[in-house]
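Hi everyone, thanks for making time today. I'd like to walk you through a structure that may be new to you, so please take a look at it with me.

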Amino acid sequence: MTGVPPPGLEAFHHRIDSGILTAARAARPDDWPARDTTALTTADILTLLDPVLDVADRTNATTAGMSKALDAAARGFDGHRDRLLTVLLSPGHVLSLIPPVLDTARPPTPPEVWRWMCWITEAAVRHLRTGNDLSLRLLHPLADRLHFLVLSEPLRHRGDAAWYPPGAVRHPLDAVYGTGSWHVLTDTCAHARRAWLSRLNTYQSHPFLAQAPADRIETELLLLLLTNPGQPAAPSRPLSTSWKPLTDDPPATTEDLAVRADIVAGHLLPRFRLIQVARLARPGHPPRHDHLRLAVLAAATTAVGLACRGAFTPGAWFMQAAVAAATAYALLGIGAVWHGTGWSAQWLLRFPAAAMLGLFALVSLPPDWWSAPHPRWAWAPAALAAAAFGYLVVEVRNHGVGRGPALRRAAGVFAAGAVHAFLLSLIVLVVVADTYTQARPDDAGPNTLSLHGLWHHTTGAAWQTLALATAWSLAVGVFSQILWDDRPITASLAHLTWRDGG
């Protein structure tokens, strides 16, 4: 971290000065803090922003006039490569220099300090966009990052009186790009978010981003979606780029939803961030308690509980368990139809689709696998489960996730896939298979159970059969991913997208 955060801007200082910047600074000389102190001083800030301040002080500063002033400020970086590096690689230091520069008889408010930081960032971004220095092309991703983080900061404080007190007149937030330019700010922020997301979508092609640890990349991604991710002291909400004033709490815009869908499909699901995907899938505004999700989980839990009871108590427990499993999928289908892809993404629906293919193949085999299993039958499901888990670990590691998180996240995906495989095994073997397959071996003795009778007797054969079917269909579901076209096993159950690169 660089510089001392101004009062009220501690979280902002942390956001702009952490994340991937820690890794980016590793390429700088060891004395970079001293270099930054020399490269940009309070006097330099006043000189840099002199064209902007001249226009901003006018009562009716136009957007066009402010744009010309910002272009003039951008030329203040000509011949000052070190100054540009300081702004992009040490923004915390720049932020700490602003309060002493402000000519106020009282401590400056967070919006007043933020507005100056916004102007400095805008000037740096415009300098890079209009310049012809190819040696600076590596800095473009860092400029897009800072541009978005700075512009989005007020939007992270909706309802916060410190940022927009009731009855405020000529507030700094309304005068960044000219008088009454709040709508320009929110629109520019939305475009900046897209630009930064496009860099993260190809981060392995950018040296400053490619060397960042996976958790830092994920932090940057979550900042595109949430107001304050990873900070328990301040609950995080979905980030909205709506033009509505900060006193309102507007729902997500179409652009917000599109960005969320891109990040979920392109980053969170491939990295097995199932908990975060489930949080983003909550419907409504503000996100409310998802009763349908609870109903699906309750039906699935009931199915497992009834199946466990059927292993020890005679009766139609397995049939009831199959009905509960079918109910879970019926509720899941209702939710997918009602809430759409955002809600259904959390359920990993490619697992049951692929597992069903495994069950089709399994029930077509001779019935010896369930009527007369090998004495050491338990080795088979254990081997299949171990292979499936190992595949998931390797896949998520190859997606750039660290060793510890890879094991934890792979375990979560494995558990979700195992539940799908178990529920489908219940439905297919208890309800469907007896109708389409040979229910009793040709050489069966008088005491040999039929497939139908297997589910009504207190023998270990029922759970033995379920274990074999579950492991088989789970392994088929996992390894069938090699047949998909560049999609992770956690991808949503869709074949086409209508987005760039989709």
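Let me begin with a term: a salt bridge here is a side-chain nitrogen of Lys or Arg within 4 Å of a carboxyl oxygen of Asp or Glu. By that rule, the count for this structure is 16 salt bridges. Please keep in mind that this is a predicted model.

We'll come back to those pairs, but here is the overall picture. The protein chain has 24 helices and zero strands. Of its 502 residues, 50% are buried. Take the contacts between residues at least 6 apart in sequence: 73% of them join residues at least 24 apart. The accessible surface is about 23,200 Å², and carbon and sulfur atoms account for 60% of that.

Now, the inside. In soluble globular proteins, nonpolar side chains tend to be buried together. In this chain, the largest nonpolar core has 103 residues, and V87, L88, I98, W114, W116, W119 and L139 are the ones with the most contacts inside it. Which helix gives the largest share of this core? That would be α9, residues 110-130, with 11 residues.

R126 and D71 form a salt bridge through their side chains, at 2.9 Å from N to O. This pair links distant parts of the chain, with R126 in helix α9 and D71 in helix α6 (residues 63-74), 55 residues apart. Are the two partners buried or exposed? R126 counts as buried, because its relative accessibility is 16%, while D71, at 33%, counts as partly exposed.

A second pair to look at is E218 and R273, whose side chains meet at 2.6 Å, N to O. E218 sits in helix α13 (residues 214-223) and R273 in the loop between α14 and α15, so the pair ties together parts that are 55 residues apart in sequence. E218 is buried at 5% relative accessibility, and R273 is buried too, at 17%. There is a network here as well: salt bridges link E218, R271, R273 and R409.

Stay in that loop for a moment, please. F272 also lies between α14 (254-268) and α15 (274-280), and its phi is positive, about 60°, although F272 is not a glycine. Why point that out? Because most residues other than glycine have a negative phi. F272 is buried, with a relative accessible area of 2%. L348 has a positive phi as well, near 50°, and you'll find L348 in the loop between α18 (341-344) and α19 (350-363).

Let's finish on the outside. M319, V323, V431, V432 and Y436 make up a nonpolar surface patch, with about 470 Å² of accessible area together. Helices α17 (317-339) and α22 (403-436) each supply at least two of its residues, and α22 gives the largest share, three residues.

Definitions and conventions
Residues numbered from 1 in each chain as written. Predicted model: local features only at pLDDT ≥ 70, side-chain atom pairs only at ≥ 80, totals over all residues. Heavy atoms only, no water. Helix = DSSP H or I, 4+ residues; strand = E, 2+ residues; numbered from the N terminus. Buried < 20%, exposed > 50% of the residue type's maximum accessible area, 1.4 Å probe, protein only. Contact = heavy atoms within 4.5 Å. Areas by Shrake-Rupley, 256 points an atom, 1.4 Å probe, with all protein chains shown as cover. Core = buried A, V, L, I, M, F, W, Y, C linked by side-chain atoms within 4.5 Å. Patch = residues over 30% accessible without salt bridge, like charges linked within 9 Å, V, L, I, M, F, W, Y side chains within 5 Å.
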